[in-house]
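This report describes a single protein chain for a reader who has its sequence and coordinates at hand. It moves from the chain as a whole to a group of helices and then to individual residues.

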Amino acid sequence: MARPPLTLAALATAAVPGLEVRAVRAHTRKSHGAFDAVLLRTTDDRMLVLRVPRSQSAESEQSADLVALRALTPGIRSRLPFEIPEVVGQAPIDGTRAVVTSFVPGAVRSADELTEHDGIATSVGLALAAMHALPTGFIADAGLSRQTADESHEAVVELIGRAADTGHLPAALLRRWEEATDDAALWRFRPTVVNGALAADSLLVDGDAVTGLIGWSALAQGDPARDLHWLLTSRGAAAERALDAYFGARAGEADGHLPQRALLYGELELAKWLLHGVEARDEAIIADAVGLLDGLVESVHDHSSEPLSPDTGPVLTVGDVERMLDETPRDGLPREAGASLLTDSYDFSDLERREAGERDTAPFDATAPIPLDLSDWGDAAQSDDDSAGADAATDAQARRNAASS
């Protein structure tokens, strides 16, 4: 049962000595309730957010977020062109804790909206580039995870092996992914600071500018491609402009094969969803994951012998994925009560709402997908049918995030 806003407001005064609250309201934007949350206006006209986790998984994510936010010192934050929440205080409650942070203003937009025109797409690319250009030393100082290029490669190989061991992974996909992991050139990159769980709804915008980034529980040093697969599968007409801005801002520091790895990470989200179903012994999730994997095979069947590498041909278009998802039965899937740390305060993506049992109100427009041309990044030369194999992963990632709660 949700805690009343006035109760949470009183808790905030215990978490922050001297705090006087002038107004309070529930802070939920179509959330499924991983947290009880309120937006507070103080007598000195500050805007604060208080959250109390409702589950053990939400509490764990909150703890990781706290470590990350404290690691992001004022010096580090000054290098970024957007705001990050600041921890103001915390207080115990019912065996867990309430955490008060500063409120970061801004609106949530879908991946398509973030890449719909040059202005906002450029801001997105510059924001991601600034994050990946941060000095990595503070990651080690804070005891956060660090992963080398070789370790990133090994983790992908291990994930593919586990998926194959389930007996549900189609041979065509196993071959496709193994060809990518066998391509040494694909895995020559310099690890950067990564958000680690970045999605379109992690970014807050005001007009054409990215004004904030929320959700830092997976902050680490690793493969920057992990933060980009959602961008590569967007349908916005200016998606390529976002990549242009990103690579331009990195000034030669970004490796040319990053887009191909990002697409691979996207496809592997389906493998993670399958593994979650197997580990949870949930036949509905397993069946859903198998349906998604089969749909991916169908979409790349004519080119399945080509590697997902700098020579890659086929990947799914967003339209292919959405049609595949529409054709995949959803009846019987469990509806998760929780989601990621910040879903109490920010809109779920369309795919997160779909996992929660909601249906899109607008009909699918088969003409909407605009495939990305990756020929300017690395040696990839893709056809219009080959633009976004990782998009199916957007659905799986949202489900996996929900499952983790």
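## Overall architecture and confidence

The chain holds 15 helices and 10 strands. The model is predicted, and its mean pLDDT is 81, with 73% of the residues at 70 or more. Over residues 330-372, however, the pLDDT is below 50, although this stretch has 122 contacts in the model beyond near neighbours in sequence. Residues 378-391 likewise stay under 50 in pLDDT, and here the model has 52 contacts beyond four places in sequence. Where pLDDT is low, the predicted coordinates should not be read in detail.

Of the 405 residues in the chain, 54% are buried. Among contacts between residues at least 6 apart in sequence, 75% join residues that are at least 24 apart.

The table gives their extents.

| Helix | Residues | Number of residues | First to last C-alpha | Expected span |
|---|---|---|---|---|
| H7 | 149-165 | 17 residues | 24 Å | 24 Å |
| H8 | 171-182 | 12 residues | 16 Å | 16 Å |

The span of H7 is thus close to the value expected at 1.5 Å a residue, and that of H8 is likewise close to its expected value.

Which residues of H7 are buried? They are Ala149, Ser152, Val156, Leu159, Ile160 and Ala163. These residues cover an arc of only 95° around the axis, which puts them on the same side of H7. The face of H7 turned away from this buried side carries the exposed residues Asp150, Glu154 and Asp165. The cover over the buried residues of H7 includes helix H8 and helix H11 (258-280).

After H7 comes Gly167, with a positive phi near 80°. His168 is placed in the loop between H7 and H8. With a relative accessibility of 33%, His168 counts as partly exposed. Leaving aside neighbours within four places in sequence, His168 is in contact with Leu274, Val278, Ile286, Val290 and Leu293.

In H8 the buried residues are Ala172, Leu173, Arg176, Trp177, Ala180 and Thr181. What covers them includes H7, H11 and H12.

## Packing of H8 against H12

Two packed helices are described by the angle between their axes and the distance between the axes. For H8 and helix H12 (residues 283-300), the axes come within 9 Å and cross at roughly 70°. H8 and H12 are therefore roughly perpendicular to each other. On the H8 side, the residues that meet H12 are Ala172, Leu173, Arg176 and Trp177; each of these four residues is listed among the buried residues of H8. Their counterparts in H12 are Leu293, Leu296, Val297 and Val300. Leu293 is also in contact with His168, from the loop between H7 and H8.

His132 has its place in helix H5 (residues 118-132). Is this histidine buried or exposed? His132 is buried, with a relative accessible area of 2%. Beyond neighbours within four places in sequence, His132 is in contact with Thr192, Val193, Val194, Pro224, Asp227, Tyr246 and Arg250. His132 and Asn195 are separated by 63 residues in sequence, and their C-alpha atoms are 8.6 Å apart.

Asp45 has a positive phi, near 70°, and is a residue other than glycine. Asp45 is found in the loop between strand S2 (35-42) and strand S3 (47-53), and is partly exposed, with a relative accessible area of 47%.

Ala251, also a residue other than glycine, has a positive phi near 50°. Ala251 lies in the loop between helix H10 (239-250) and H11. The relative accessible area of Ala251 is 61%, and this residue is exposed.

Key
Residues numbered from 1 in each chain as written. Predicted model: local features only at pLDDT ≥ 70, side-chain atom pairs only at ≥ 80, totals over all residues. Heavy atoms only, no water. Helix = DSSP H or I, 4+ residues; strand = E, 2+ residues; numbered from the N terminus. Expected span 1.5 Å × (residues − 1). Buried < 20%, exposed > 50% of the residue type's maximum accessible area, 1.4 Å probe, protein only. Arc of directions from axis to C-beta. Contact = heavy atoms within 4.5 Å. pLDDT = per-residue confidence, 0-100. Axes fitted to C-alpha atoms, helices over the stretch in contact; angles between N-to-C directions. Parallel < 35°, antiparallel > 145°, perpendicular 65-115°, else oblique.
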